[in-house]
Amino acid sequence: MDTLLNVAHGFGVALAPINLLYCFIGVFIGTLVGVLPGIGPISAMSLLLPVTLSGTPESGIIMMAGIYYGSMYGGSTTSILVNIPGEAASVVTCLDGHQMAKQGRAGPALGISAFGSFIAGTFALVALMLVAPKLASVAIAFGPAEYFSLMVLGLVVLTFLTQGSMAKALLMACIGVVLGLIGLDSITAQPRLTFGRMELIDGIGLVPVVMGLFGVAEVLLNTEQVIKRDIINAKITHLLPSREDWKASAGPMGRGTILGFFLGILPGGGAVVASFASYALEKRLSKTPQRFGNGAIEGVAGPEAANNAAAGGAFIPLMTLGIPPNVVMALLLGAFVIHGLQPGPLMITQNPGLFWGIIASMYIGNLMLLVLNLPMIGMWVQLLKLPYNILFPLIILFTIIGVYCSSNNVFDVYVMIAFGVIGYFMRKLGYEPAPLVLAFVLGPMMENNLRKSLILSQGDLSTFVTRPISAVCLAFAVVLLVAPLLPALRRKREMVALDEGA
Amino acid sequence: MSDQPSVRFKLNNSELWGGLIGLALGIFVIRSGLKLKLGTIHDPGSGFVLFYTGILMCVFAAAIIVASLTEGGPTFGTRWKDARWTKPVIVIVCLTVFAVALEWAGFLLSSITLVLLLMRLIDPVRWPLAVPISILVPTGMWWLLKHGLGILLPSGIFGIG
């Protein structure tokens with residue numbers, strides 16, 4: 001009963017005209033960046049992070065969340081029609097989605113992708129609504145040792161799942177921690193790594209770092225190659241899947257939803273891993289696995305449901321524990337912090353309007369996305385024809401404006417350009433930026449919790465292994481760190497490892 | 001990565017240089033941690049986490065160096081093989097010039113020049129299209145920020161903006 005009252009309260013917040021507008025802007029931009037290859041949800045969210053300052057916290061967070069789950073919908077359109085994933089979670093949709101389009105079945109592929117996304121997104125919201133308050137009540141009992149170990153686990157999972165060498169990913173995570181510690185020490189107020197520059201006293205901003213590493217670096221990488229697009233030009237018809245299509249897709253959609261939701265909750269996991277795991281599962285369960293890669297609708301329905309369910313599930317650790325499980329959620333945490341809010345176990349009780357308002361807005365956003373992605377599909381197809389030589393200079397301009405507006409400080413523009421160049425060379429040399437960004441956000445929190453635990457336990461390191469939750473997290477982290485040393489597990493890691501930042 | 005030619009004991013092994021840079025950064029972080037004071041395990045100081053993170057950085061960088069020497073790694077040349085490497089260089093140069101000029105020339109002049117240069121230099125956009133876009137978009141954004149959101153952008157020595 002309480003839950004229903006809370007949901008009603010949430011709808012009261014989400015249905016306020018200004019919040020509806022922000023929700024629409026969020027899902028519209030999300031679909032837009034999902035559709036356009038080369039710009040992911042991370043770049044778009046970092047670009048719009050300063051815009052959230054102009055409204056209430058509810059409006060800002062509703063818009064940012066809309067961009068994230070909107071991009072999951074939009075990404076599939078590009079995968080199906082152009083065979084280029086709009087964002088990383090839609091890579092797997094290319095395999096069967098584009099084949100379906102080539103066979104003249106672009107309509108059902110787009111339709112099942114949108115309906116699958118809607119159903120999974122809605123399920124994830126119901127689950128989020130039921131699980132989050134319960135988990136939050138448990139999380140109140142968490143001490144600094146548990147928080148520290150959970151963050152260590154999150155970072156290790158992300159480095160485990162990052163493409164390429166794990167040593168490189170761990171090095172990136174360490175650099176992220178160091179960058180996060182620049183500025184005044186929160187306990188002793190001593191300046192650290194500021195090199196005497198006043199601009200660094202408050203530390204480096206999240207916005208310039210993320211925009212540089214993901215926005216500018218992405219443009220630099222894209223300018224290196226001539227991007228060819230094989231757009232399906234035939235008129236898209238029959239967006240509503242047939243009875244056979246629904247029959248074939250129901251199982252994959254259900255399994256993808258549940259798998260995606262749980263993978264989304266795990267620290268370091270997320271939509272990318274969920275979509276690949278769902279595809280692998282469906283192929284393994286299929287009586288005719290040879291159809292996969294040749295236009296099997298199950299290969300579209302499962303992964304699309306999984307990545308949307310994961311996008312919903314990822315809100316749980318952020319909202320209940322205050323720990324972002326991936327880079328996108330780290331940006332959302334940044335949006336909360338900008339408004340002076342700290343997500344965590346107390347947020348649901350202290351800020352019910354915000355928490356339930358965000359959840360209710362996601363229901364509304366999912367409905368908006370269904371309308372945006374089915375009847376208006378023609379508009380997105382036209383957008384795919386926008387030339388990159390016009391788009392890239394404008395993206396650079398928007399990142400500069402976005403960074404400047406976030407702090408009214410030219411120094412941040414320099415920081416963004418520097419991180420853009422660093423990010424470009426990092427990517428060229430096989431160093432992924434995702435662990436760096438997550439560690440950058442988690443670094444100060446990790447340090448704080450580590451020092452608090454050591455002070456509280458009077459220097460007794462066993463506090464991390466005698467407390468059960470902390471011990472389990474650390475044990476799991478150790479297993480993941482050791483796993484790549486074993487050839488069989490290393491092969492499995494290489495199969496699931498992905499570029500989260502794309 | 002596997003399709004790229006791999007070299008072991010060569011100075012142009014990109015993996016080796018990546019590891020060496022990581023090692024240098026790790027040593028720097030350790031030194032910074034020591035300078036800031038480690039404190040004790042009962043009461044960790046400002047440099048405590050930096051110091052141990054630096055040690056971890058050195059360990060991971062050493063692992064990368066060892067792997068580059070035993071398993072080899074792609075050269076810098078192969079990393080940029082078939083890539084139009086001049087294009088990112090042009091963008092980087094344009095951005096650097098923009099960063100230098102921003103406070104001096106102001107937002108409007110420097111951003112109009114930046115967008116125009118990028119449009120002409122990456123994959124040339126026709127002049128009749130490039131000129132209006134590079135003038136209208138930055139000017140429109142400036143107007144929106146100034147009059148819509150009340151955000152003032154640098155106006156430079158000419159006071160434009």
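Q: What pattern does chain B follow, read along the sequence?
A: The order in chain B is β-α-α-β-α-α-α-α. Chain B has six helices and two strands. Both kinds of element are DSSP runs, numbered from the N terminus: helices are H or I with at least four residues, strands are E with at least two. This is a predicted model, where local features need pLDDT of at least 70, side-chain atom pairs count only at pLDDT 80 or more, and totals for chains, interfaces and linings use all residues. Residues are numbered from 1 along each chain as its sequence is written, while chains are lettered from A and ligands numbered from 1 in the order in which they are written.

Q: How do you know what radius of gyration a compact globule of 161 residues would have, and what does chain B have?
A: The globule rule is 2.2 Å times the number of residues to the power 0.38, and the radius is taken over C-alpha atoms. For 161 residues a compact globule would come near 15 Å, but chain B has 24 Å. The C-alpha atoms of chain B fill a box of roughly 55 × 50 × 25 Å, along the principal axes.

Q: Into which domains is chain B divided?
A: Chain B has domain 1 (6–79) and domain 2 (86–148). These bounds come from an automatic or database domain assignment. The C-alpha centres of the two domains lie 38 Å apart.

Q: Why is chain A called as compact as a globular protein of its length?
A: Chain A has 23 helices and two strands. Its radius of gyration is 22 Å, close to the 23 Å from the globule rule for 502 residues, so chain A is as compact as a globular protein of that length. Its C-alpha atoms fill a box of roughly 65 × 55 × 50 Å, along the principal axes.

Q: Why is Glu304(A) called buried?
A: A residue is buried if 20 or more other C-beta atoms lie within 10 Å of its own, exposed if 12 or fewer, and partly exposed in between, with C-beta atoms placed from the backbone. Glu304(A) has 38 such atoms within 10 Å, so Glu304(A) is buried. Glu304(A) lies in helix 12 (residues 298–313) of chain A.

Q: Which residues is Glu304(A) in contact with, leaving aside its neighbours within four places in sequence?
A: Two residues are in contact if their C-beta atoms, placed from the backbone, lie within 7 Å. Glu304(A) is in contact with Ser76(A), Thr93(A), Ser113(A), Gly116(A) and Ser117(A).

Q: What makes Cys94(A) buried?
A: Cys94(A) has 20 other C-beta atoms within 10 Å, so Cys94(A) is buried. Its place is in helix 5 (residues 91–102) of chain A.

Q: What share of residues is buried in each chain?
A: In chain A, buried residues make up 61% of the 502 residues. In chain B, they make up 35% of the 161 residues.

Q: How many residues does the contact take from chain A and from chain B?
A: The contact takes 50 residues from chain A and 51 residues from chain B. On the side of chain A, helix 18 supplies the largest share, eleven residues. By class, that side has 32 nonpolar, eleven polar and seven charged residues. Here Ala, Val, Leu, Ile, Met, Phe, Trp, Tyr, Cys and Pro count as nonpolar, Asp, Glu, Lys and Arg as charged, and the others, Gly among them, as polar.

Q: What covers the buried residues of helix 19 of chain A?
A: The cover includes helix 9 and helix 18 of chain A, together with helix 3 (76–79) and helix 4 (86–105) of chain B. Among the buried residues of helix 19 are Val413(A), Phe419(A) and Tyr424(A).

Q: Which residues touch the most other members of the largest nonpolar core?
A: A nonpolar core is a set of buried Ala, Val, Leu, Ile, Met, Phe, Trp, Tyr and Cys residues joined through C-beta atoms within 7 Å. The largest has 210 residues, and Met45(A), Leu171(A), Val210(A), Leu331(A), Leu332(A), Val437(A) and Leu438(A) touch the most other members. Helix 6 (residues 106–139) of chain A gives the largest share, 18 residues.
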